[in-house]
Amino acid sequence: MDVPAFRERLLRLAPKDPLVLAVSGGGDSVALALLVKEAGRQAVVAHLDHGLRPESPLDQAFVRALAERLGFPFFTERVEVARIAQARGENLEAVAREVRYAFLHRVAREVGARAILTAHTLDDQAETVLLQLLQGTARATGIREREGIVVRPLLAHTREELRAYLRARGEAWREDPTNQDPALDRNFLRLFVFPLLEERFPAAKRALARFAEARAEEEGVLERQAEARLLPDPRFFVPAFRAAPLLEAPLAVRRRALRRLLEKLGLRPEARLVLLLEEALRGRPQTLPGGVLARRKGGTLFLLPPRPRLPLPPGFRRPAPGDYLERPSGRKRLVDFLAEKGVPRELKPLWPVRAEGSRVVEVLGLYPPPPEEAHMAEALAEAASAFREGEVPVGAVLVLPGRVLRAHNRVEGLRDPTAHAEMLLLREAGPEARGGRLYVTLEPCLMCHHALAQAGVEVVYGAENLKEGALTRFGLPTRARGGVRERECAKLLRDFFARLREGCRSG
């Protein structure tokens with residue numbers, strides 16, 4: 001082992017002390033503790049007893065003695081992991097990992113540490129990559145060198161290198177007998193698959209580790225693109241995302257984004273589940289593991305838990321048959337109003353309302369119309385003016401402290417290709433635009449997106465711009481919300497282009 005090289009790598013990954021060392025007593029984690037000591041760093045040793053083996057108290061005593069010998073403070077807990085897994089009905093290995101990392105983070109908070117060091121090796125990396133490929137996660141990114149405050153400084157080293165380091169120092173370590181159980185997938189790969197692979201391909205593990213390294217470099221770029229496509233729709237009380245940015249994304253980016261959705265739901269991002277979400281995006285509802293219903297309504301993809309819980313504020317109740325809204329435009333059945341607002345049928349009977357008998361006077365978050373809907377109504381009025389003038393019907397409203405500015409497209413009237421509603425408002429507002437909020441009927445194009453981003457303006461749009469939208473068409477990250485009065489915004493555009501086509505046919 002090259003201790004100076006380890007010291008430099010550790011300084012790059014975790015520059016500040018103290019460090020939390022996850023030490024099980026096995027050879028890899030013992031080597032980690034010794035290397036950290038040789039590197040001259042300050043650390044504490046953390047050991048979790050999972051309560052899975054009769055000899056686990058001996059492991060704890062061994063690690064305690066090691067910590068004392070190295071002069072590192074020792075933290076330990078015992079958790080009956082099997083009992084927790086059984087009570088939850090979950091996978092034992094997954095629960096053990098969750099409990100272990102929760103313990104390590106508690107220790108880190110207690111001692112003020114900014115890094116938790118684990119002893120994952122090159123062998124662990126190779127096993128993880130192969131396991132991910134075989135399980136069909138479609139990611140195969142392996143183990144990351146740094147994830148949050150968790151750092152893995154031994155990923156470049158094999159288990160055999162670390163054992164040789166320990167033997168050269170005359171150090172002992174504990175062996176976990178469960179590592180010989182082939183019923184566990186990782187053990188099966190370690191005991192049976194890799195010996196065969198390395199007999200034919202001696203550099204198999206290093207090749208898999210290099211593959212993981214290359215994937216990790218690509219991952220950052222693709223993950224940012226995928227995350228940009230996940231535009232939440234916060235009007236609803238369940239996970240909901242705009243559908244068009246996902247549907248219009250390149251296939252690889254869309255599927256990556258859908259895998260992120262699955263992970264947010266706590267599901268393994270298997271290829272078959274990604275395909276189910278793609279079906280849901282295209283309008284065919286699908287049920288995911290755990291009873292989550294993926295369903296698209298209008299421009300929104302909903303992920304509905306089996307028993308959605310919508311908070312019921314004081315003075316509110318659930319909808320009842322016969323409920324109606326008395327609006328200035330006339331009476332409307334509550335169920336029709338909720339449908340108009342894009343509420344899926346599963347949420348209609350749960351949506352909180354305040355009523356006087358059957359007359360609903362408030363629908364939580366939807367009626368009376370929130371300010372964003374009122375501002376979008378003004379933008380729609382501007383878009384209608386553009387329609388009458390023969391311009392592409394896009395209207396916008398810029399809300400600033402103390403004043404509101406309005407504009408619509410004037411490209412034809414001014415003979416200026418940059419005279420989009422957004423650009424006209426930015427020119428009028430000047431430096432005062434910074435910190436404002438823009439309501440626009442159509443998702444901004446690339447030109448407007450860059451200008452709005454430079455001006456520091458937040459965007460709320462109505463309909464997605466499938467041809468030129470900065471996010472939907474080009475995938476640029478955006479400070480935007482979409483879908484407000486989407487149907488009205490989209491209808492105005494459809495009517496305009498239908499009139500253009502009719503004019504072309506008449507001509």
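1. Which residues in H6 meet which residues in H8? From H6 the list is Asp 124, Ala 126, Glu 127, Thr 128, Leu 130, Leu 131, Leu 134 and Gln 135. On the H8 side you'll find Asp 185, Arg 186, Leu 189, Arg 190, Val 193, Phe 194 and Leu 197. By type, the residues of this contact split into eight nonpolar, two polar and five charged.

2. A word on confidence before going further. This is a predicted model, with a mean pLDDT of 91 for the chain and 99% of residues at 70 or more.

3. The axes of H6 (residues 122-135) and H8 (residues 185-200) come within 10 Å, at a crossing angle of roughly 105°. Angles of 65 to 115 degrees count as roughly perpendicular, so that is the label for H6 and H8.

4. H8 has a further contact, with H9 (residues 204-229): here the axes come within 8 Å and cross at roughly 100°. H8 and H9 are therefore roughly perpendicular to each other as well. The residues involved are Phe 194, Leu 197 and Glu 198 from H8, meeting Ala 204, Lys 205 and Leu 208 from H9. That contact divides into four nonpolar residues, two charged and no polar ones.

5. Next, strand S1 (residues 19-22). Is it buried on one face or on both? Both faces are covered, with Leu 19 and Leu 21 buried on one side and Val 20 and Ala 22 buried on the other. S1 pairs in the parallel sense with S4 (residues 115-117) over three bridges, and Leu 21 stands opposite Leu 117 there. S1 also pairs with S2 (residues 43-49), again parallel, over four bridges; in that pairing Ala 22 stands opposite Ala 46.

6. Then there's an open sheet of four strands, with mixed pairing and the order S12-S11-S14-S13. S12 (330-333) and S13 (353-356) are the edge strands; each has a single partner, so one side of each has no neighbour in the sheet. From one strand to the next, the twist averages 45°.

7. Within that sheet, have a look at the hairpin. It joins S11 to S12 through two residues. S11 (residues 324-327) and S12 run antiparallel and share four bridges. One of the bridge pairs is Arg 327 with Gly 330, the latter in S12.

8. Last, Ala 240, which lies in strand S7 (residues 240-242). Its relative accessible area is 4%; since buried means under 20%, Ala 240 is buried. What does it touch, leaving aside neighbours within four places in sequence? Ala 240 is in contact with Leu 231, Pro 232 and Asp 233, and also with Thr 300, Leu 301 and Phe 302. As a distance check, Ala 240 and Leu 196 are 44 residues apart in sequence, and their C-alpha atoms are 47 Å apart in space.

Note on methods: Residues are numbered from 1 along each chain as its sequence is written. This is a predicted model: local features need pLDDT of at least 70, side-chain atom pairs count only at pLDDT 80 or more; totals for chains, interfaces and linings use all residues. Side-chain values use heavy atoms; hydrogens and water are left out. pLDDT is the predictor's confidence in each residue, from 0 to 100. Axes are lines fitted to C-alpha atoms, for helices over the stretch in contact, and angles run from 0 to 180 degrees between N-to-C directions. Angles under 35 degrees count as roughly parallel, over 145 as roughly antiparallel, 65 to 115 as roughly perpendicular and the rest as oblique. Contact means heavy atoms within 4.5 Å. Ala, Val, Leu, Ile, Met, Phe, Trp, Tyr, Cys and Pro count as nonpolar, Asp, Glu, Lys and Arg as charged, and the others, Gly among them, as polar. Two strands pair if DSSP finds at least two bridges between them. Buried means under 20% relative accessible area, exposed over 50%, partly exposed in between (1.4 Å probe, protein chains only).
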